[in-house]
Amino acid sequence: MVYKFRVILDAEEDIFRDIAILENDTLEDLHNAFVNAFGFDGMEVASFYTCDETWNQEDEIPMFDTGDVAGEQKIMSDYVLSDILDEENTKIIYVYDFINMWTFLVELAAVEEEVTGATYPDLLFSHGEMPLESGEKNFEAENEDFYSEFEDDLDEDDLDMFSGDDSFEDYGFEENWN
């Protein structure tokens with residue numbers, strides 16, 4: 001079977017590519033197809049991220065094993081496309097070049113029979129020109145009241161419990177700054 005993907009650059013302009021690739025190919029093969037389709041040089045690190053239906057990022061699938069124990073972390077070349085993407089799980093996020101953060105929303109648009117004589121991966125359609133810069137990313141926490149989880153209901157008056165306590169010695173900290 002052939003997987004047909006629409007790969008959309010996360011940008012203001014409409015920039016996308018439609019790519020066909022075999023279901024038995026790996027995420028690394030898909031990464032290489034993206035590099036070619038969008039005109040990257042392939043010299044930067046990239047990762048895929050699983051996500052939910054609303055594009056909320058979940059687990060990272062890197063190019064290289066970055067774990068503490070060699071061989072313990074699964075990488076792009078370990079994942080066959082059909083193992084993680086199907087008619088029910090159609091979305092994945094792709095990030096190329098972690099300095100510029102080129103971010104792409106990748107969606108499985110169709111699963112079709114292989115065309116005899118066709119070569120895969122295949123760039124089916126290209127729309128829009130890649131900008132020179134990836135644009136600024138705005139990283140914000142979902143929970144705006146982040147610090148509330150650290151609230152301990154203590155105030156300045158509660159610190160009086162330490163006054164006169166001889167267990168805290170003066171180590172001459174201020175003297176070290178002269």
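**Chat about a predicted sheet and helix fold**

Tutor: From the N terminus on, this protein's elements run β-β-α-β-β-α-β-β-β, where helices (H or I, at least four residues) and strands (E, at least two) are DSSP runs, numbered from the N terminus. The model is predicted, so local features need pLDDT of at least 70 and side-chain atom pairs count only at pLDDT 80 or more, while totals for chains, interfaces and linings use all residues. Residues are numbered from 1 along each chain as its sequence is written, and side-chain values use heavy atoms, with hydrogens and water left out.

Student: In what order do the seven strands sit in the sheet?

Tutor: They form an open sheet in the order β4-β3-β5-β6-β1-β2-β7, with antiparallel pairing; two strands pair if DSSP finds at least two bridges between them.

Student: Which are the edge strands?

Tutor: Those are β4 (57–62) and β7 (122–127), each of which pairs on one side only.

Student: And how many bridges join β3 to β4?

Tutor: Four bridges join β3, residues 46–51, to β4, and F48 has I61 in β4 as its bridge partner.

Student: Which strands does helix α1 touch?

Tutor: Helix α1 (residues 27–38) packs on the sheet and touches β1 (2–9), β2 (16–22), β3, β4, β5 (91–96), β6 (102–112) and β7, a contact meaning heavy atoms within 4.5 Å.

Student: Changing topic, how much of the protein is buried?

Tutor: Buried residues make up 31% of the 178 residues, where buried means under 20% relative accessible area, exposed over 50% and partly exposed in between (1.4 Å probe, protein chains only).

Technical notes: Axes fitted to C-alpha atoms, helices over the stretch in contact; angles between N-to-C directions.
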